[in-house]
Amino acid sequence: MSGTVDGDSVDAKSIQSPEKPSGPTGKSQVAAKPPADAYRYNMNYPSMGQCVIINNKNFDKKTGMNMRNGTDVDAGNMMKVFKQLGYEVIFKNDLSVRDINTLLYNVSQEDHSKSASLVCVLLSHGDDGVLYGTDGPVPLKDLTSLFRGDRCRSLAGKPKLFFIQACRGTDLDSGIETDSVAEEGSTERIPVEADFLYAYSTAPGYYSWRNTSNGSWFIQSVCDMLARFGRELELMQVLTRVNRKVALEFESCSNLPGYNAKKQIPCIVSMLTKELYFP
């Protein structure tokens, strides 16, 4: 592109006026090498934080959504494992879209300055980019954005973990055979979307499987791996083991045509900026 100046730009359409250079010479500023502990979240707070669990099982007839049998097992197991990790659990059943928005907005407006983190567990029906309240869909972005760094300042720079058990579409995975399977006291600017982690039960566009007796494949695996390795391994290592467990140890057993012997792979989307170890 002709007429450009030295400096940072964006991968988008050309803008009306060139960006101002990032530094005095028009080049990006490179921060000094941080100390080793800058790569690990500080979890040494009076409280680990809140774990908000929204468990939607029963839905209005107008939504066309079936009862989510087995979800109470998921909710109970997540409550147990996060209590063991030191979280204060807030548990709610069968919330409408308005109730979900109100609950999470109120949580986002609280003072979390003495908390190390936030966990939010969403158990419901879903589709691509949306979660269902008992009366209809709500964009997931509307819920998670309440905790952005510029909207929930007391959680800025702290990990915000979302575990989402919900379908993300109607695709089915038939599987395939294979032969192998910051320094204290300093200030800094961070992106408002930083320090989020979204642990989705399934890949974009796919169904998410749930056993009516034992709970969903994903939440079963999350609880198992957190209970076994939550205080030993870094969180992304734990979630990689969750992916492996779901991928290899589960396969659908259904009488519905086309729904038998299907597979599932969770999807972990991380904007975390440090390693997370539960104390």
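Helix α2 (residues 97-108) lies across β5 and β6, running at about 35 degrees to β6. Lying across here involves contact, meaning heavy atoms within 4.5 Å. Axes are lines fitted to C-alpha atoms (for helices, over the stretch in contact), and angles run from 0 to 180 degrees between N-to-C directions. Helices (H or I, at least four residues) and strands (E, at least two) are DSSP runs, numbered from the N terminus.

Keep in mind that this is a predicted model, where local features need pLDDT of at least 70 and side-chain atom pairs count only at pLDDT 80 or more, while totals for chains, interfaces and linings use all residues. Residues are numbered from 1 along each chain as its sequence is written, and side-chain values use heavy atoms, with hydrogens and water left out.

So what does the sheet look like? It is open, with three strands in the order β4-β5-β6 and antiparallel pairing. Because β4 (126-127) and β6 (136-139) stand at the edges with a single partner strand each, one side of each has no neighbour in the sheet. Two strands pair if DSSP finds at least two bridges between them. Here are the pairings:

| Strands | Bridges | Direction |
|---|---|---|
| β4 and β5 (residues 130-133) | two bridges | antiparallel |
| β5 and β6 | four bridges | antiparallel |

Gly126 sits opposite Leu131 in β5, and Tyr132 has Pro137 in β6 as its bridge partner. The hairpin of β4 and β5 has two residues between the strands, and Gly129 there takes a positive phi near 80 degrees. β5 and β6 also make a hairpin, with two residues between them.

Now for the helix pair. The axes of α4 (residues 217-229) and α5 (residues 235-249) come within 9 Å and cross at roughly 135 degrees. That is why α4 counts as oblique to α5: angles under 35 degrees are roughly parallel, over 145 roughly antiparallel, 65 to 115 roughly perpendicular, and the rest oblique.

Residues of α4 that meet α5 include Trp217, Phe218 and Phe229, and their counterparts in α5 include Leu235, Val238 and Arg241. The residues of this contact divide into 10 nonpolar, one polar and three charged. Nonpolar covers Ala, Val, Leu, Ile, Met, Phe, Trp, Tyr, Cys and Pro; charged covers Asp, Glu, Lys and Arg; the others, Gly among them, are polar.

How confident is the predictor? The protein chain averages a pLDDT (confidence in each residue, from 0 to 100) of 90, and 84% of the residues score at least 70.

Notes: pLDDT = per-residue confidence, 0-100.
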